[in-house]
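Here are my notes on this model, in numbered points. Please keep the structure open as you read.

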Amino acid sequence: MKESNMQKKINKSHLMNYYFCKENLWLNLNQNFSSKPESEGDKFRASQGDKFELAARSLFPKGVLVEGSDINIKQEQTMRFLENETDIVFQATIESKDFISISDVLVRNEINGSWDLYEIKSTTNIKEDNSLHKSSSNHIKDISFQINVLEMSGIKISSCYIIHPNKEELFSINGRNNKNFFNVVNVTEKVALEKNIVMKDMFEMKEFINGDISQGCNCIYKGRNNHCDTFNISNPDIPDYSIHDLKSVGQSKATLSELASGEIFEISSLPKDHKILTKSRRGQFESYIQKKPIFNITEIKTELSKIKWPIQFLDFESYQSVIPIIDSYYSWEKIPFQWSLHTLTKGGELRSVDFLANSISKDPLIDLSETLLKKINTQGSIVVWHESFEKGILNMISNRMPKFESKIKELLNNIFDLEKIFKANMYCDYRTKGSSSLKRINSILLKDYTYDQLEINNGENAFIEWEKMVSPSISKKEKETIRKNLIEYCKQDTLATYKILMYLNELIKKESK
Ligand code: SF4
C-alpha cells in the first residue's frame with residue numbers, strides 16, 4: 001500500500017467506492033482533490049441510519065456496545081467480549097490483513113459456538129445493485145466483506161441477516177408493539193454465493209490502491225450525472241461544457257462511446273445531423289451554438305392556452321424519515337407540512353396564502369388539507385412545477401381523508417405542470433445543461449430573483465429546518481425565525497413559477513408583434 005495509505009485500514013465503504021469507481025477510490029485515498037463538503041441532506045441521511053440502528057438494537061435487549069473512537073481500543077474490547085461470556089455485541093470491530101470490519105450486531109450461536117451477524121440498514125429494500133451507478137449499493141457484498149474479515153480472524157459466522165424497515169408496517173409513536181416494523185431477512189445463502197467473489201475483489205482492490213493510476217478515466221463514456229468531482233482532474237483537456245452535458249446523453253451509450261473514443265468532446269465539433277443530436281437534444285445544441293435561447297412560440301402558446309382563470313400556483317413541502325415522527329405513517333413516507341398558494345385573478349391581482357404546521361402534536365396533514373381546500377378554487381388551473389410531487393400529495397390526502405376525495409379529483413384534473421414547457425424542449429437555453437428544475441430555470445430566466453438571499457433555499461434544508469422547528473427543545477425565538485424562513489422559501493417557489501409564466505407570456509407578446 002502507498003505510504004500515504006499505510007495507516008488507512010480498508011473498510012466496506014472503500015469496497016463500495018471501489019465497485020462504483022476504482023479511480024475515484026484511489027483519488028479519494030490519496031486526497032489529490034478536495035471533494036465537495038457534505039450537504040445538510042447527506043448529514044440528515046447519515047443521521048437517519050444511526051437512528052434506525054439505535055432503534056433496531058431494541059430487538060436485542062442484552063446487547064453490549066463496543067464503545068470509543070480509537071480503533072485499537074475497540075478491537076481489544078471486541079475480543080474481550082467475544083472471548084468471555086458476552087452473547088450479543090454491537091459494533092464488533094475486527095481487523096485482519098489491512099481490512100477492518102465493524103459489524104452492527106453479532107449474536108453468539110449457542111449450538112456450535114459460532115456467531116450470527118445482523119446488519120442494520122435504513123432502506124426499505126435490500127439493495128443488490130450491481131450497476132456502477134453513483135448511488136448504487138449492494139448489501140450482500142457489504143455483508144460478504146464483513147464475513148471475510150471476521151473469518152480471516154478466525155471468527156466463524158453461521159448465519160447472516162439484514163434488519164431493515166418494513167415498508168408495509170405503519171409505525172406507532174405511542175407504545176403499540178413496533179416489532180413488525182423491523183424486517184429481519186435471512187441472507188445466508190445469498191452471502192455464501194457472493195463471499196468468495198468479494199474476497200477476490202478485496203485483494204484486487206488492495207493491490208489497486210497500492211499502485212499508480214494513469215490520467216484519464218472511464219467517465220468519458222458516461223453522462224455528466226455519473227461523473228464524480230474528480231472528472232476534471234483525470235480529464236483536464238475536456239472542456240467544462242462538453243458532449244457529456246447534452247440532455248440524458250448517458251442513455252445513448254454506444255454513440256457517446258464512439259465520440260469519446262474518437263476524442264470528440266466539444267459540442268461545437270458535432271455536425272448538425274450527428275446521431276447523438278436526437279430530437280430532445282437538438283434545442284440545447286442549437287442554443288449552445290447560437291449562444292441564445294431557442295424556442296417554439298406556437299407550441300408554447302398552444303400549451304399555455306390550456307390554463308384557466310383564476311390561475312393558482314401551488315407548492316407543497318414534505319418531510320420524511322426512516323422512523324416516522326407522526327403516528328401511523330410508513331417508514332420514509334412523505335409527511336406534508338406546508339403549502340404556498342399564489343392566485344392571479346383575471347383583473348391582474350396577485351394574492352398569496354400559506355399554511356405551515358406548527359407542531360406534531362397531531363397529524364399535520366389534517367390542518368394542511370382543511371386549510372388548503374378552503375382556500376383553493378376548484379375551477380381555476382393549479383400551476384405547479386414537476387406535477388408528480390404535488391399530485392402525489394393530493395392523492396395521499398384523498399386516500400387518508402376520503403371525505404375530500406371528490407374535491408381532490410377536481411383539483412387533480414386542473415393541474416398544469418409548467419415544467420413541461422422546458423422538459424419538452426419548447427424553450428431551450430443551453431445554460432440549463434438540459435435540466436428543467438425550477439431552481440435552474442429560475443436562475444437563468446429571472447436573474448434578479450434568486451434563492452441566494454434566502455436562509456432556506458432548497459427542499460432538503462426546508463424539511464430539516466421544519467424538524468428542528470417542531471422539536472420540543474427549540475426556543476420560542478428560534479422557532480419564530482425558522483417559521484419565517486420556511487414561509488419565505490415556500491412562497492418563493494410559487495412566486496418563481498408565477499414569474500416564469502409571466503416571462504413566457506411576455507415572450508409570446510413580443511414574438512407576436
Ligand atoms: S469521473 Fe467517473 S471514472 Fe472518473 S474518477 Fe470520477 S467516477 Fe471514476
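1. pLDDT is the predictor's confidence in each residue, on a scale from 0 to 100. This is a predicted model. The mean pLDDT of the protein is 93. A value of 70 or more is reached by 96% of its residues.

2. Take care with residues 1-6. There pLDDT stays under 50. The model still gives this stretch 17 contacts beyond four places in sequence. Where pLDDT is low, predicted coordinates should not be read in detail.

3. Next, the domains. The domain assignment gives domain 1 as 3-210, domain 2 as 218-292 and domain 3 as 300-512. The centres of domain 2 and domain 3, taken over C-alpha atoms, are 33 Å apart.

4. How much area do domain 2 and domain 3 bury between them? The figure is about 840 Å², with 56% of it on carbon and sulfur atoms. On the domain 2 side, Tyr 241, Lys 247 and Ser 287 lose the most area to domain 3. Together these three account for 48% of what that side buries.

5. The contacts across this interface involve 12 residues of domain 2 and 8 residues of domain 3. What polar pairing does the interface hold? The rule finds 0 salt bridges between domain 2 and domain 3. It does find 5 residue pairs in polar contact, both residues at pLDDT 80 or more. The domain 2 side that touches domain 3 is made up of 2 nonpolar, 4 polar and 6 charged residues.

6. Finally, the ligand. Which domains supply at least three residues each to its shell? Domain 1 and domain 2 both do. Among the surrounding residues are Phe 20, Cys 21, Glu 23 and Asn 24, along with Cys 217, Cys 219, Cys 228 and Phe 231. By class, the shell divides into 6 nonpolar, 3 polar and 1 charged.

Terms used. Residues are numbered from 1 along each chain as its sequence is written. This is a predicted model: local features need pLDDT of at least 70, side-chain atom pairs count only at pLDDT 80 or more; totals for chains, interfaces and linings use all residues. Side-chain values use heavy atoms; hydrogens and water are left out. Domain bounds come from an automatic or database domain assignment. Contact means heavy atoms within 4.5 Å. Buried area is the accessible area (1.4 Å probe) that two parts lose on being put together, summed over both. A salt bridge is a side-chain nitrogen of Lys or Arg within 4 Å of a carboxyl oxygen of Asp or Glu. A polar contact is a pair of N or O atoms within 3.5 Å; within protein, one must be able to donate a hydrogen and the other to accept it, and residues adjacent in sequence count only if both atoms are side-chain atoms. Ala, Val, Leu, Ile, Met, Phe, Trp, Tyr, Cys and Pro count as nonpolar, Asp, Glu, Lys and Arg as charged, and the others, Gly among them, as polar. A residue is near a molecule or strand if one of its heavy atoms lies within 4 Å of it.
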